[in-house]
Amino acid sequence: MKKINKGQFRFILFLSLFLTLSFSCQRVMDDGEEDDVSSSDGTALKIMARSGGNTSIEYPVYLYAFNEKGDCAAKQKITSEEVEMNLQLPSGNFKVVALSGVSKGYVMSDNPKISDVITMQEGGCASKAMMMGMADVSLEGKNKTVNLMLTYMVASLNVVLTKADKVKQVKVGISPLHSSLNFEGKYGGEEKKLEIECALGTDGRWTAGPVYIFPSSGSQTTLSITLDDSKGSHTYGYVSKVVPQANHPYNIGGSYTGDISIDGSLIAKGWE
């Protein structure tokens, strides 16, 4: 019998393994089987965002996908309507959230959990109206499209005071208001009182707004108007059963002739 040296033995063993592996790979392809796609490779979730009526969505739009633990699994910042909204996600269940109008006046985490909150900067109001849309999505390894309807999560507040030409300063206070909103769309935080200063226009009217506020946290609204004139500071208080709600504008109209007269208290006409 011819002896096989170690070098020849290693070569024969390598060749046998190579042929075995080659045959196995060829068998899979010949059988027409498809390789399983790992969930870590991600599934494309296409998102279509829109708003109701003639309302336009303000960019940038921030997209988040939260997993069942409440962690942020994917996010994207959309700078214009020409940019496609796509998130790469593994298989599983997610809550997809879209935010618009939060580029100014709002404070939120760069990498939020779903329980984290969005607040307004110091002063308790914003110059932009925040919109939010969300949907629960289940992914099973296939590309999917979800449509999100964005609606206002804030109220709009506008103040107009007439016949106050001898007044030096006007401030309007409104309470109680929510101070935060989490990524599930739930309001909370400590009750807040908003106080805003009015500006005197060339037409003699004291105005403020529109500014945007979180909805009321109470069953009624406490309204105060403070005026400074040559005799000092005067504060007038009112209570209204009309409370600020999300997706509604509120107009505070009044006049001052030695006393404050509020025209219809809080006048609400819905964006809806």
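**Around Ser175**

Modeller: Leaving aside residues up to four places away in sequence, Ser175 touches Lys192, Lys193, Gln220, Thr221 and Thr222. Keep in mind that this is a predicted model. Ser175 sits in strand S11, which covers residues 169–177. Its relative accessibility is 15%. Buried means under 20%, so Ser175 counts as buried.

Now look at the bond that follows. The peptide bond from Ser175 to Pro176 is cis. Its omega is near -5 degrees. Pro176 is also placed in strand S11. A cis peptide bond also joins Gly209 and Pro210, with omega about 5 degrees. Pro210 belongs to strand S16, residues 206–213.

Stay with the backbone a moment. Lys163 is not a glycine, yet its phi is positive, about 55 degrees. Lys163 is found in the loop between strand S10 (155–162) and S11. At 58% relative accessibility, Lys163 is exposed. Asn247 has a positive phi too, near 70 degrees, and is a residue other than glycine. Asn247 lies in the loop between strand S18 (232–240) and strand S19 (249–256). Is Asn247 buried or exposed? Asn247 is buried, at 13% relative accessibility.

Next, the charged pairs. Side chains of opposite charge can pair when their charged atoms come close. The count comes to four salt bridges. One of them joins Glu58 and Lys128, at 3.4 Å from N to O. This pair links distant parts of the chain, 70 residues apart. Glu58 is in the loop between strand S1 (43–51) and strand S2 (61–66). Lys128 is in the loop between strand S7 (117–120) and strand S8 (131–139). Glu58 is partly exposed, with a relative accessible area of 29%. Lys128 is partly exposed as well, at 26%.

Another salt bridge is formed by Lys113 and Asp71, whose closest N and O atoms are 2.5 Å apart. These two also link distant parts of the chain, 42 residues apart. Lys113 is in the loop between strand S6 (106–107) and S7. Asp71 is in the loop between S2 and strand S3 (72–78). Lys113 is partly exposed, with a relative accessible area of 42%. Asp71 is partly exposed at 25%.

Arg205 pairs with Asp203 in a salt bridge, with the closest N and O atoms 2.9 Å apart. Arg205 is partly exposed, at 35% relative accessible area. Asp203 has a relative accessible area of 51%. Exposed means over 50%, so Asp203 counts as exposed.

What about the cysteines? The structure holds zero disulfides. Cys72 is partly exposed, with a relative accessible area of 26%. Cys125 is partly exposed at 21%.

Last, the largest pocket. About 170 Å³ of space lies in it. Lys46, Ile47, Met48 and Ala49 are in its lining. How do the lining residues of the largest pocket divide? Six are nonpolar, three are charged and none is polar.

Back to the starting point.

Terms used:
Residues numbered from 1 in each chain as written. Predicted model: local features only at pLDDT ≥ 70, side-chain atom pairs only at ≥ 80, totals over all residues. Heavy atoms only, no water. 1 Å grid on protein atoms, 1.4 Å probe; cavity = no way out; pocket = protein on both sides within 12 Å on 5 of 7 lines; lining within 4 Å. Points joined across faces, edges and corners; volume = space filled by probe spheres on them. Nonpolar A, V, L, I, M, F, W, Y, C, P; charged D, E, K, R; others polar. Salt bridge = Lys/Arg side-chain N within 4 Å of Asp/Glu carboxyl O. Helix = DSSP H or I, 4+ residues; strand = E, 2+ residues; numbered from the N terminus. Buried < 20%, exposed > 50% of the residue type's maximum accessible area, 1.4 Å probe, protein only. Contact = heavy atoms within 4.5 Å. Disulfide = S-S within 2.5 Å.
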